[in-house]
Amino acid sequence: MRVLLALALLLLLTAAAEPKTTLPDVEDEVMCVECRTALNISQAPVADQERAFIRDRLAEGMTKDEIKDALVEEYGPAVLAVPERKGFDLTAWVVPGALVALAALGVSLLARRWRGTSGPAGGDDGADLDPDDARRLDADLAAFDR
Amino acid sequence: MRPRVYWPVTLAAAALVALLTYGVASVGPDTSLDEALRDGERVEAPVKDLPRLGSSGTGSLAEHAGKVVVLNVWASWCPPCKSEMPLLQRTHDRIAARDGMVLGIDTQDASDKALAFLREKRITFPSLRDRDREYGRDLGVSGYPETFLIDRQGRIAALRRGPIDQAWLDEHLEPLLKERT
């Protein structure tokens, strides 16, 4: 009996600790379907209807994801502020990343080519330096050190 | 600029400009239907299967071939749509015996709110749900309400962007009802 009571208390505490979904939580992730602005800044009549729809679902105890699914069911996928990560909408997530990767690859290839063609001919290790010039250079460097 | 680089860069820039031009041009409303009707032409009405509002299954304009259809695009959250609903219902009742009807297209609307709205206004003409406004885009809808008069051959004969009134119906609907297939 005590174990059962303890379990019930634990369940109650867990439920109380879980943050409840609120209207602003959902509002900033969906759009006003008619005016194409974020719902949390829209004052259009359809936006009022969408907010009422969300409030009704919150009163039924739905989670944020369940409410967003219900909104898509009623108004279509365009109600979401960000595209879904499935089906054709996945391209909206994949294509920008792929373009950035391609651009980075292009820049690195160009940089490598540029470095290969614009460097000083014959290298810079001084191996081809004339012995007289080498002596004069050493003398100049020694004078700098003094 | 080196010749090897010149053409790819020029072509890429031209493609970008074309894409931007298309993007800007495609944002504006499509007025080709308005222009055709102004010139006295009739345009084939788009047909699309849409879910029925308040019952199961789908329906489309094609089901009503041979009838004059007053196709009204509405939403329960749209105040002018509310005010023209009684006139549409009266029109539906009046033209039923003359092979005419009103067909509603409920757009971007919560179905429970739409049904409550129809009950409140005692509307009996059928409506289809255009959830994503895809059909509305085919019709060139730019606001609510909008009304399209479809002749017995399924062609758009007149349109009103905004609320209708009896005078507009008398001018455009009456001649259509007199036409036979």
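1. Read along its sequence, chain A follows the pattern α-α-α-α-α-α. The model is a predicted one, and the points below should be read accordingly.

2. Burial in chain A is limited to 14% of its 146 residues. Of the contacts in chain A between residues at least 6 apart in sequence, 41% join residues at least 24 apart.

3. Helix α6 of chain A deserves a separate remark. The helix covers residues 131-145, 15 residues in total, and reaches 21 Å from its first C-alpha to its last, close to the 21 Å expected at 1.5 Å a residue.

4. Chain B contains an open sheet of six strands in the order β1-β8-β7-β4-β5-β6, with mixed pairing. In general, strands of a sheet pair through backbone hydrogen bonds, in either a parallel or an antiparallel sense. The edge strands of the chain B sheet are β1 (43-44) and β6 (127-130), each of which pairs on one side only. β1(B) is joined to β8(B) by two bridges, and these strands run antiparallel; E44(B) stands opposite R155(B) in β8(B).

5. Which residues of β7(B) are buried, and which way do they point? E146(B), F148(B) and I150(B) point one way from the strand, T147(B) and L149(B) point the other way, and all are buried. Because five of the five residues of β7(B) are buried, the strand is largely enclosed by the rest of the structure. As a general rule, side chains in a regular strand alternate between the two faces of the sheet.

6. Both neighbours of β7(B) can be described by their pairing. With β8(B) (residues 155-161), strand β7(B) (residues 146-150) pairs in the antiparallel sense over five bridges. Across this pair, F148(B) stands opposite L159(B), and T147(B) stands opposite R160(B). The hairpin of β7(B) and β8(B) has four residues between the strands, and G154(B) takes a positive phi near 80° there. With β4(B), strand β7(B) again pairs in the antiparallel sense over five bridges, and V70(B) stands opposite L149(B) in β7(B).

7. The largest nonpolar core has 49 residues, and those with the most contacts inside it are V69(B), V70(B), L71(B), A75(B), F148(B) and I150(B). Strand β4 of chain B (residues 68-74) supplies the largest share of this core, six residues. Setting aside residues up to four places away in sequence, L71(B) touches L61(B), L103(B), I105(B), T147(B), F148(B) and I150(B).

8. A helix is also set against the sheet. Helix α3 of chain B (residues 79-95) lies across β4 and β5 (100-107) of chain B and runs at about 150° to β5(B).

Definitions and conventions. Residues numbered from 1 in each chain as written. Chains lettered and ligands numbered in written order. Predicted model: local features only at pLDDT ≥ 70, side-chain atom pairs only at ≥ 80, totals over all residues. Expected span 1.5 Å × (residues − 1). Core = buried A, V, L, I, M, F, W, Y, C linked by C-beta atoms within 7 Å. Buried ≥ 20, exposed ≤ 12 C-beta atoms within 10 Å, placed from the backbone. Contact = placed C-beta atoms within 7 Å. Pairing = 2+ DSSP bridges. Axes fitted to C-alpha atoms, helices over the stretch in contact; angles between N-to-C directions.
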